[in-house]
Each structure stands twice: as structure tokens, then as C-alpha cells.
Amino acid sequence: MNATDRLSELFMRFPGIGPKQAKRFVYFLLREHSHYKEQLIKALEELKFTGKQCERCFRFFGDKSNGNAKLLCDICESESRDSSLLLIVEKELDMDAIEKTGSYNGLYFILGGLVPPLTEKPSEIIRIRELTARIHDSLKAETLSEIIFALPVTDYGDTTTEYIEKTIKQIVGIDKVTLSHLARGLSSGLELEYVDRATFTSALERRS
Ligand SMILES: [Zn+2]
């Protein structure tokens with residue numbers, strides 16, 4: 001297999017990338033200046049060693065501090081974030097989109113998936129053990145006061161929310177923490193990944 005075919009196959013493993021798009025990427029790279037390609041190669045090289053997962057929110061991040069292993073991402077590490085708020089999202093892209101709006105200053109937890117309706121073992125699909133451990137720790141430190149659900153308005157999103165609420169109530173006890181949900185009024189399919197500042201701010205302010 002030649003280099004362009006090999007590269008095109010590698011691109012096809014990216015989420016949502018089919019054979020045509022993969023080829024388009026390869027042709028793009030063939031046309032690009034060598035300076036760009038060197039930057040790309042260097043960035044990929046760094047990622048090889050430094051791609052880490054935050055042990056608190058489970059976000060993947062690049063860690064340039066080679067050697068002394070950093071365990072928390074910038075957000076979890078920051079002291080200026082409001083640790084009384086914990087916002088639950090499905091995936092990293094949702095968290096990135098919310099961060100871009102600049103209207104939320106609390107902390108996050110990434111579930112890593114959604115629970116399909118009628119699933120027998122939801123605990124194998126989302127990070128529920130990690131979430132309950134996180135809530136326990138935050139309550140012990142007396143910092144957490146509210147958990148905000150920011151999951152998709154779909155059957156999967158609703159099933160996931162119900163399952164987590166049930167688990168939290170059993171394990172944590174509901175009197176210790178408020179559970180709230182982003183307002184759904186603005187659009188039935190509030191797609192966090194593409195949310196704009198105004199929509200998110202309003203959904204956050206009107207959470208209930
Ligand atoms: Zn983190």
C-alpha cells in the first residue's frame with residue numbers, strides 16, 4: 001500500500017469520516033506547503049506522548065509538562081471555577097461548546113455515552129461509578145450544591161437522566177444536593193455541540 005492510501009485509511013478511522021472525505025484530506029495535504037505538514041506531524045508527535053485523560057472530569061487533554069504527570073485538566077485544576085456546580089455532559093465536544101460560550105463557570109463531568117432505553121446494564125455504558133465517586137468526594141469536601149444535567153433532549157438523553165437521578169438518590173441522598181436540568185424551551189433539540197452563547201445562557205439561567 002502506498003503512503004496516500006495508507007493515510008486515507010487512517011483518516012477513515014476518524015469519527016464521521018467516510019472514504020471520500022478521507023481522500024479529500026489526503027489531496028489537501030498533498031497540495032499544502034511543507035511548513036504546514038511539519039506542524040501537523042509535530043502536533044501528532046506530541047499527542048503520542050501527552051494525550052491524557054483528566055481523572056476528575058474524564059476529558060482528554062494535551063499535557064506539555066513532560067515527566068511529572070499532570071492528572072487534572074486546566075478546568076478541574078483551576079481555582080477560579082465554582083466548585084458548587086457540577087454540569088453533566090455526554091461528550092467532550094459538548095463541554096468545549098459550553099466553554100466557548102463563556103457563560104458557565106462551574107465544573108464538569110463527561111459521561112462518555114448515553115443509555116439507550118431498556119438497557120439492562122447501563123453501568124457498562126456510562127461512567128456512573130466514577131460519577132457517584134466524584135459526587136461523594138465533592139460532598140465530603142462540602143463544595144458541591146447543585147448537579148446540572150445538560151444531556152440531549154432525546155429518548156437516550158431522558159433515559160440517561162432518569163438512571164443517573166435514581167442512582168444519585170439511592171447513593172447520595174437527595175437532600176444534600178439540588179438536581180436541575182437545562183431549560184428546553186428554546187428548541188426541542190437543544191444540540192449542545194452546536195449551541196450558541198445566547199441559547200446556552202438562556203437555557204442555563206432558566207434551568208429547573
Ligand atoms: Zn478535568
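The legends below describe close-up views of a predicted model of a protein chain.

**View 1. The two assigned domains of the predicted chain.** The domain assignment divides the protein chain into domain 1, residues 3–62, and domain 2, residues 79–205. Between the C-alpha centres of domain 1 and domain 2 the distance is 30 Å.

**View 2. The interface of domain 1 and domain 2.** On the domain 1 side, 6 residues make contact with 9 residues of domain 2. The size of an interface is often expressed as the accessible area lost when the parts come together. For domain 1 and domain 2, the area buried between them is about 670 Å², and carbon and sulfur atoms account for 58% of it. Of the area that domain 1 buries against domain 2, 73% is supplied by C57, F58 and R59, a share greater than that of any other three residues.

View 3. The interface of domain 1 and domain 2 is crossed by 1 salt bridge. R59 and D96 form a salt bridge in which the closest N and O atoms are 2.9 Å apart. R59 is also one of the three residues named above for their share of the area that domain 1 buries. Classified by residue type, the side of domain 1 that touches domain 2 comprises 3 nonpolar, 1 polar and 2 charged residues.

View 4. The model contains 1 cavity of 30 Å³ or more. The largest cavity holds about 110 Å³ of space. Its lining consists of 14 residues, of which F149, A150, L151, V153 and R184 are the closest to the centre of the cavity.

Methods: Residues are numbered from 1 along each chain as its sequence is written. This is a predicted model: local features need pLDDT of at least 70, side-chain atom pairs count only at pLDDT 80 or more; totals for chains, interfaces and linings use all residues. Side-chain values use heavy atoms; hydrogens and water are left out. Domain bounds come from an automatic or database domain assignment. Contact means heavy atoms within 4.5 Å. Buried area is the accessible area (1.4 Å probe) that two parts lose on being put together, summed over both. A salt bridge is a side-chain nitrogen of Lys or Arg within 4 Å of a carboxyl oxygen of Asp or Glu. Ala, Val, Leu, Ile, Met, Phe, Trp, Tyr, Cys and Pro count as nonpolar, Asp, Glu, Lys and Arg as charged, and the others, Gly among them, as polar. On a 1 Å grid over the protein atoms alone, a cavity is a set of points where a 1.4 Å probe fits but cannot get out, and a pocket is an open set with protein on both sides within 12 Å along at least five of seven lines; lining residues have an atom within 4 Å of a point. Grid points are joined across faces, edges and corners, and a volume is the space filled by probe spheres set on the points.
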